[in-house]
Amino acid sequence: ARRPFQRLKGEAKEFFGDVTTGPEVAGRSLRYGGKLRKFSDKLLAEASAYRGAVGSGWDEPGLWVGSQGSVSTSHFDLFDNFYCMIRGRKSFVISPPSEMPWYHMFPGTHPHARQAQRHFNLSSTTFANPNGPLSAVLYLNSPDALWLPAGWMHHVTALEPSVSISVTRNADALDMFNTWMKGSGPLELPGKWTASELGAGLGVFLPQLLQSLWEKHRSSRYFLDWGGLQPWLLPLDVLVYRSYSLSVRHELGLQGSFQPFPCKPVPDEKAVGWGKAMAERYVAQVGSQLGSKFELIFLQPFLESVLGTLGGGMTRGLSWANFCFLRGPNSEHQSQGEPATSTGKRRNEVEVTEVEVTVT
């Protein structure tokens with residue numbers, strides 16, 4: 001579960017006192033995060049002198065100051081991060097991009113996009129668990145540094161009052177993907193189609209695309225068997241039933257239940273030609289340029305955009321995926337599962353109370 005937090009404004013002296021001794025309210029923690037220049041010109045000058053050591057194109061350094069117990073919940077970023085411990089000690093639980101389906105990521109339309117709906121079980125000391133995602137625990141002490149590539153899941157906890165600096169750089173693939181999406185967009189629509197006609201075309205396009213991606217990445221844990229599904233359907237299944245879970249749909253003001261959709265059982269020649277052409281276009285223009293890792297990282301936002309072309313908000317696209325593609329026209333089944341295992345165990349969720357602070 002996500003932790004509740006409260007934004008506060010206060011004096012730097014008071015903040016550092018509370019970071020060192022801990023907040024007066026039991027169970028709470030304090031954290032400051034922001035650009036280093038907003039906090040100290042002197043520190044910025046010192047940190048900037050070393051930026052050249054990690055290459056070019058890096059953003060200005062960021063500063064993180066937190067009391068013991070302050071947490072950054074499970075999430076991934078779309079930038080490379082060179083993370084340096086200045087003082088204190090932190091734990092990083094990290095997981096590669098191939099494990100993203102395990103975390104039921106919030107969709108791109110949600111305020112918590114790139115955040116996980118499910119979190120690491122921090123009560124465990126080992127994460128080499130066949131019933132959970134591949135992950136590892138790292139402990140950083142001053143003056144340790146961590147190279148965290150874009151797309152890696154991470155959950156960060158301050159084990160004592162800590163100060164750290166991060167230097168980040170947007171992944172080249174992010175600019176490439178954004179340029180493509182802002183240009184011609186996810187699909188080239190052939191004139192005016194009804195929702196039913198477009199749905200028929202998508203019913204050709206998505207199998208072509210997802211099967212080609214599965215063939216390319218079939219050895220990846222991204223396509224693990226979740227029980228009863230063809231493996232190439234997993235990305236869409238995760239998006240519809242996990243990312244857009246019932247609770248998330250309520251939070252976004254979407255209808256809780258899927259709405260009946262006029263499915264076309266057999267696509268006509270026009271839908272078949274368009275669907276195949278769009279799949280070939282994606283593979284040629286996007287997949288070949290993004291690289292294997294980012295091809296999967298950007299697959300969920302791409303699929304969201306595709307479902308959005310059906311209009312009516314995401315409700316219509318999600319309903320089409322449910323009735324016409326994943327579960328059949330007579331099914332309201334919403335998958336509750338995760339990859340099939342011998343025990344069927346789930347990882348526990350962790351609750352922590354945190355306060356974010358703006359220092360003046």
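**Figure 1. Overview of the chain and its buried share.** Of the 360 residues in this chain, 49% count as buried. The model shown here is a predicted one, and its secondary structure comes to ten helices and eleven strands. Among contacts with a separation of 6 or more, 82% are between residues 24 or more positions apart.

**Figure 2. The largest nonpolar core.** Welcome to the inside of the model. This core has 61 residues, and the members that touch the most other members are L202, F205, L236, V240, F302, L307 and W320. Two or more residues come from each of these helices: α3 (172–182), α4 (195–217), α5 (234–243), α7 (269–290), α8 (292–297), α9 (299–308) and α10 (313–326). The helix α4 gives the most, with eight residues. Domain 1 (12–170) and domain 2 (173–323) both give residues to this core, so the core lies between them.

**Figure 3. A close look at F302 and its contacts.** F302 is one of the core residues that touch the most other members. Setting aside residues up to four places away in sequence, F302 touches F177, W180, M181, P186, F205, L209 and Y282. One of these partners, F205, is also listed with F302 among the core members touching the most others.

Conventions:
Residues numbered from 1 in each chain as written. Predicted model: local features only at pLDDT ≥ 70, side-chain atom pairs only at ≥ 80, totals over all residues. Heavy atoms only, no water. Helix = DSSP H or I, 4+ residues; strand = E, 2+ residues; numbered from the N terminus. Buried < 20%, exposed > 50% of the residue type's maximum accessible area, 1.4 Å probe, protein only. Contact = heavy atoms within 4.5 Å. Core = buried A, V, L, I, M, F, W, Y, C linked by side-chain atoms within 4.5 Å. Domains from an automatic or database assignment.
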